[in-house]
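Hi,

Here is the structure I promised to pass on. Have a look at it first, and then read my notes below.

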Amino acid sequence: QGMLEDLVVAAAWLDGVSFHFVGSLEDGSSWRVRRGRHGAIDVDRVVTGPLKDVLINASAGGSLKNARITIDCAMFSQGINEWQTVANLSGDRTLQVDCNRRNYSNLAKHVDRLSNVAKALASSDEKASVDAEIAGWKTLLKEISTAVSESSNAAGKHVHVLLKTSDLARALSGGHTICCKSGKDRTGVAVTLEETRALAARFRVVDE
């Protein structure tokens, strides 16, 4: 419970953090990190490589004055090994259930916002492909909703809470991480499963 409580607080704090671009791309630039009333932290990161090219093209003039990237953070919790089974039968799972339901709601709002932006920016030639991509996001979101609901019952242990949220993060070009306290549950079991799925999907590695 203790680590989960810490992660819930950390994820809530991270949600809403924004990176503000300072300076111009030609003279060496930095980002300023802000979060509401907590003020700003100068991190002095010079933008180079492919990201620099993307930003130059986006700004059309080499300057990104007042540009901002805001983080939308969602955290889900689902144990996989025998300790989750023990917790389901004997422990208080209220925090995990509440965490997953609340963060599903946040994730759904983010997908809605991103869908609206994608539709608004799509040209007439891109409309069909954008609609298909958004439909894929919505399908994953529905699968996450089902997994969160089924994992909420007394005997629930639904690995798709982790797998489908990871799939959606990749589909949205977002970042994601899987971790746990011991390194033997989510970290060991879920990461191994995810890497196996990636091998099967990308390199056609299958059981023979």
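Let's start with aspartate 167, which sits in helix H6. Keep in mind that this is a predicted model. Is aspartate 167 buried or exposed? Its relative accessible area is 17%, and since the cut-off for buried is under 20%, aspartate 167 counts as buried. If you set aside the neighbours within four places in sequence, aspartate 167 is in contact with Leu140 and Arg197.

Leu140 leads us to helix H5, where Leu140 is one of the buried residues, along with others including Val130, Trp137 and Val148. What do the buried residues of H5 pack against? They pack against helix H4 (94-121) and helix H6 (160-171). The length of H5 works out too: at 1.5 Å a residue, its 24 residues (127-150) should span 34 Å, and the end C-alpha atoms are 35 Å apart, which agrees.

Most residues other than glycine have a negative phi. Serine 173 is not a glycine, yet its phi is positive, about 60 degrees. With a relative accessible area of 70%, serine 173 is exposed.

Now for the whole chain. There are seven helices and four strands, running α-β-β-β-α-β-α-α-α-α-α from the N terminus. Of the 208 residues, 32% are buried. Among contacts with a separation of 6 or more, 59% are between residues 24 or more positions apart. The chain exposes about 13,100 Å², and carbon and sulfur atoms supply 55% of that.

Cheers

Methods: Residues are numbered from 1 along each chain as its sequence is written. This is a predicted model: local features need pLDDT of at least 70, side-chain atom pairs count only at pLDDT 80 or more; totals for chains, interfaces and linings use all residues. Side-chain values use heavy atoms; hydrogens and water are left out. Helices (H or I, at least four residues) and strands (E, at least two) are DSSP runs, numbered from the N terminus. The expected span of a helix is 1.5 Å times one less than its number of residues. Buried means under 20% relative accessible area, exposed over 50%, partly exposed in between (1.4 Å probe, protein chains only). Contact means heavy atoms within 4.5 Å. Accessible areas come from the Shrake-Rupley method with a 1.4 Å probe; for residues, only the protein chains shown count as cover.
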